[in-house]
Amino acid sequence: MYHNEISKERKIYLKKERRNKIAVTLCRVFFIVAFIAVWEIGGHLGFIDTFVLSQPSRILGVFADFKENQLLLHIGTTLFETAVGFLLGVVIGCFLAVLLWWSPFLSKVSEPYLVILNSLPKIALGPVIIIWAGAGTRAIIFMALAISMIVTVLEMLNGFNNTDKELIRMLETFKANRLQIFTKIVLPYNIETLFNSLKINIGLSLVGVIAGEFLVSKAGLGYLIVYGGQVFKMDLVMASVLILAAAAAILYEVIVITQKLALKYINHR
Amino acid sequence: MNKILEVSHIKVCYQAVNGEVEAIRDVSFSVSEGEFISIVGPSGCGKSTLLSAVAGVTPVSEGKILLSGREVSEVSDDIAYMLQKDNLLPWRSIRKNVLLGLEIRGMITEENLSYADNLLKAYGLWEFRDKYPSQLSGGMRQRAALIRTLAVRPKVLLLDEAFSALDYQTRLAVTDDVYKILKKEKQTALIVTHDIPESISMSDRVIVLSKRPAVIRNIYTTEFDIPDRSPLLCRDHAAFGEYFNQIWKELDVHVS
Ligand SMILES: Nc1ncnc2c1ncn2[C@@H]1O[C@H](COP(=O)(O)OP(=O)(O)O)[C@@H](O)[C@H]1O
Ligand SMILES: [Mg+2]
């Protein structure tokens, strides 16, 4: 900055930017408030069928009765299954990615299989997984794992293989072995790749858990949605979906924050 | 003077699926201790291959390379490389970057650590030792990269187009800087470049290679009667243009 004072043009520009931002926020708030209001009032006036579509106040009622509805148990169950599936998916996925990076031969051999497995809709394996893992929590975690693992392998392997070749060559001129190349260059170089894959994975694990809970479960948000649908308790279904949306957003945000902290600590770019 | 490196009648071929590439046909030269040799030649003629053979990375098909009298047969610990760009790791501090070579070669000893620290002190990087590469200027980063290679105390330092990623002005300053540091450390160096002025100003002898498969077309000894010779001073010298014209003709570059 050459001037301490802000020029007139800059003032106008800043004002315009601020106005734009406020307008966007106002519109967002307006839409959600209007949506809820129309839904609520429509229910009272009778032009919205609350039996099929539920109603904001009735959804609130479900939250208020969280003890009776055992909401905490269901939320806890889903979160636990998601966490286990997510962690297993990341650990096993990363391990396989390292293995494939280590051995270009193995990587070449497995390439077509990985591509096919990746494009296969894993939910189709549901019934098979139940037979293999039993109709219980294990099957649900398996489902989450099946959905998130292959993506991790592909994402991480891609990152490993795209590590700056010049950096690797530099290390090789010092006669570095494969382990040194991995720990000194490839791994630190791919911290961001890792976090990007975590972000994709947390969502996918949740998808896997809910799909698993639809098929076999005695608790969890997926169970609650299926159960609510079967006994036509739409309030319960809607409340569960809302909780699910919030859980997904929070889990994602946790990873984003961890990433920021980690990058600040590790990477001084 | 002592001959530190002797390259005699080497031939290098690459094997690929679609055939054999003869990169170097018959190249012989020798380098004395403390001498700077430049290698120029058309692009793709085998300059990098020649360095890589000297380093023991690429095996030779015929002939042999002697380093301090011993034949080079595998990747040699007595050689260090400087590649294009500084290749400093952004997540390591300058000091940790400088120690990388020692770390990789398992040479972290009290003595080597203090040697590296002294280099940092001698060349103005000590106060930046805890800073990260992104916080330093291009010239400083290049210095850090140079110290990283000097820290392993190589008998011969290889520079493969080490300055070609820098912009012109920075390059002039950095080559001057590197030259002075290397001379002061009495480092023997083999410099590959596609920049004729750089080759003349940086080295005691310039080897001109033919296009692939490379043979030596000529070797020029560049003599400037300047007391404390440095690349920038050489560029101002009357003999400079003469050398340039000779090498330019020898390279026989055409747009076709
Ligand atoms: N690993 C390799 N396998 C096959 N051919 C190679 C390999 N490396 C280099 N070459 C070929 O050898 C020739 C010389 O390459 P290089 O030494 O890199 O040239 P320069 O450094 O002079 O530009 C080129 O034609 C190049 O295509
Ligand atoms: Mg080259």
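Predicted model: local features only at pLDDT ≥ 70, side-chain atom pairs only at ≥ 80, totals over all residues.
The side chain of Glu22(B) meets that of Arg25(B) in a salt bridge of 2.9 Å from N to O, and Arg25(B) is itself partly exposed, at a relative accessible area of 45%.

Glu22(B) also forms a salt bridge with Lys11(B), where the closest N and O atoms are 3.4 Å apart. This pair links distant parts of the chain, since Lys11(B) belongs to strand E1 (residues 3-16) and Glu22(B) to strand E2 (residues 19-32) of chain B, 11 residues apart.

## A link between two loops of chain B

Asp78(B) and Lys155(B) form a salt bridge in which the closest N and O atoms are 3.6 Å apart. Asp78(B) lies in the loop between strands E5 (70-71) and E6 (79-82), and Lys155(B) in the loop between helix H5 (138-150) and strand E7 (156-160), so the pair ties together parts of chain B that are 77 residues apart in sequence. Lys155(B) is partly exposed, with a relative accessible area of 31%.

## The interface of chains A and B

Contact involves 19 residues of chain A and 24 residues of chain B, and the two chains bury about 2000 Å² between them, 64% of it on carbon and sulfur atoms. One salt bridge is found across this interface, in which the side chains of Lys184(A) and Glu103(B) meet at 2.7 Å, N to O. On the side of chain A that touches chain B, helices H8 (165-173) and H9 (178-189) of chain A each supply at least two residues, and H8(A) gives the most, with six.

Definitions and conventions: Residues numbered from 1 in each chain as written. Chains lettered and ligands numbered in written order. Heavy atoms only, no water. Contact = heavy atoms within 4.5 Å. Buried area = accessible area lost by both parts, 1.4 Å probe. Salt bridge = Lys/Arg side-chain N within 4 Å of Asp/Glu carboxyl O. Helix = DSSP H or I, 4+ residues; strand = E, 2+ residues; numbered from the N terminus. Buried < 20%, exposed > 50% of the residue type's maximum accessible area, 1.4 Å probe, protein only.
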